[in-house]
Structure formats: C-alpha cells, structure tokens
Amino acid sequence: MSFIRRVGYALSGIRSAFRHERNLQIQAVIGLCVIIIAIMIHVSLTHFMIILILVAGVISLELINTAIERAVDLISTELHPLARAAKDIAAGAVLWFSIFSAIIGFMIIFTTLQ
Ligand SMILES: Nc1ncnc2c1ncn2[C@@H]1O[C@H](COP(=O)(O)OP(=O)(O)OP(=O)(O)O)[C@@H](O)[C@H]1O
C-alpha cells in the first residue's frame, strides 16, 4: 500500500471519529481554547510546545480509546466483564493523561501570568 493511500485512510479514520465522537469534539474545542489562551498571554516557546504536545496527546489517546470501543463492539454486543474492562481501561488512559495535562496547563498559565 502506498504511503499516500495509508495517510488517506488515517485521515478518514480521524474524520470519522470526529464526526461521531462527542468527547473528541469537546476535547478538540478545549484544546483549541487552551492554544488560543496560550497565544494571547504570550507563553514562552518552550511552554507553547509543551501545550501542543499535551493537546495532541489527549486527542491521540481519545482516538485510540474510540478505536478500542469500536473493536470491542465489533467482537461482541453482549455484556461481558472483559469488554467492560477493555473500555474502562482505555477511557482511564484518556482520563489519566487529561488530568496531568490540565495540571501542567494551569501551571504554565499561572507562571506566565505572574
Ligand atoms: N459489551 C460490554 N460489556 C460490559 N460493559 C460494557 C460493554 N459495553 C460498554 N460497557 C460499559 O459501559 C461503558 C460505556 O460504554 P460505551 O460503549 O457506551 O462507551 P462510551 O464511553 O459511552 O462511548 P461512546 O458513547 O462513544 O460509545 C463502558 O465504559 C463499560 O463500562
């Protein structure tokens, strides 16, 4: 498969996830707001790059979480403890990274405004 075609498939995956996943849309809006605030308060270049990594990290984890949800739903539509564990652990990964991202984001904004 050519590189261009693989990029096309990846982009269509991102498009599909954004179209159907409300959480992803909300996280993207929050990420955009944080980036705009960072620009407005003139954070340093290093801090700005950290914010970009954090925002991209949350979105990437949510995309993986969405993929895991879809794969679990494909395997079984019945309730199963392992299905619950897979979905809850994947959601936990997003939550874990989001909490630390929020803490670091607030620290950057707070130290910049001081
Ligand atoms: N097949 C299943 N067996 C057992 N528990 C499940 C199953 N599917 C979902 N759950 C439980 O319900 C929760 C919500 O699952 P759901 O698939 O609705 O995900 P969601 O986080 O609401 O995302 P989305 O709304 O995008 O589908 C899961 O985190 C899990 O605890």
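Which are the buried residues of H3? In this predicted model, in which local features need pLDDT of at least 70, side-chain atom pairs count only at pLDDT 80 or more, while totals for chains, interfaces and linings use all residues. Residues are numbered from 1 along each chain as its sequence is written. The buried residues of H3 are Ile51, Leu54, Val55, Val58, Leu61, Glu62, Asn65 and Thr66, where buried stands for 20 or more other C-beta atoms within 10 Å of a residue's own, exposed for 12 or fewer, and partly exposed for values in between, with C-beta atoms placed from the backbone.

**Overall form**

The protein has four helices and zero strands, helices being DSSP runs of H or I with at least four residues and strands runs of E with at least two, numbered from the N terminus. The radius of gyration of the protein is 17 Å, well over the 13 Å that the globule rule gives for 114 residues, so the protein is more spread out than a compact globule; this radius is taken over C-alpha atoms, and the rule is 2.2 Å times the number of residues to the power 0.38. Along the principal axes, the C-alpha atoms fill a box of roughly 55 × 40 × 20 Å. Buried residues make up 16% of the 114 residues.

H3 has 31 residues and reaches 45 Å from its first C-alpha to its last, close to the 45 Å expected at 1.5 Å a residue, the expected span being 1.5 Å times one less than the number of residues. What covers the buried residues of H3 includes helix H1 (3-20), helix H2 (22-40) and H4. Glutamate 62 lies in this helix, which holds residues 45-75, and counts as buried because it has 25 C-beta neighbours inside 10 Å. Leaving aside residues up to four places away in sequence, glutamate 62 touches Asn23, Leu24, Gln27 and Val94, a contact being a pair of C-beta atoms, placed from the backbone, within 7 Å. An unreviewed UniProt entry covers Glu62 with the annotation "binding site"; UniProt positions follow the numbering used here, feature names are shortened, and annotations may be inferred rather than shown by experiment.

**Annotated spans**

The unreviewed UniProt entry also places the feature "transmembrane region" at residues 24-42, 48-68 and 89-110, and two of these spans are described below.

| Span | Helix | Strand | Distance between end C-alpha atoms |
|---|---|---|---|
| Residues 24-42 | 89% helix | 0% strand | 27 Å |
| Residues 89-110 | 100% helix | 0% strand | 31 Å |

**Two further residues**

Histidine 42 is found in the loop between H2 and H3, and counts as exposed because it has 9 C-beta neighbours inside 10 Å. Although histidine 42 is not a glycine, its phi is positive, about 60°. Most residues other than glycine have a negative phi.

Isoleucine 104 is found in helix H4 and is partly exposed, with 15 other C-beta atoms within 10 Å. Not counting residues up to four places away in sequence, isoleucine 104 touches Ile50 and Leu54. Isoleucine 104 and serine 16 are 88 residues apart in sequence, and their C-alpha atoms are 30 Å apart in space.

Key. Two residues are in contact if their C-beta atoms, placed from the backbone, lie within 7 Å.
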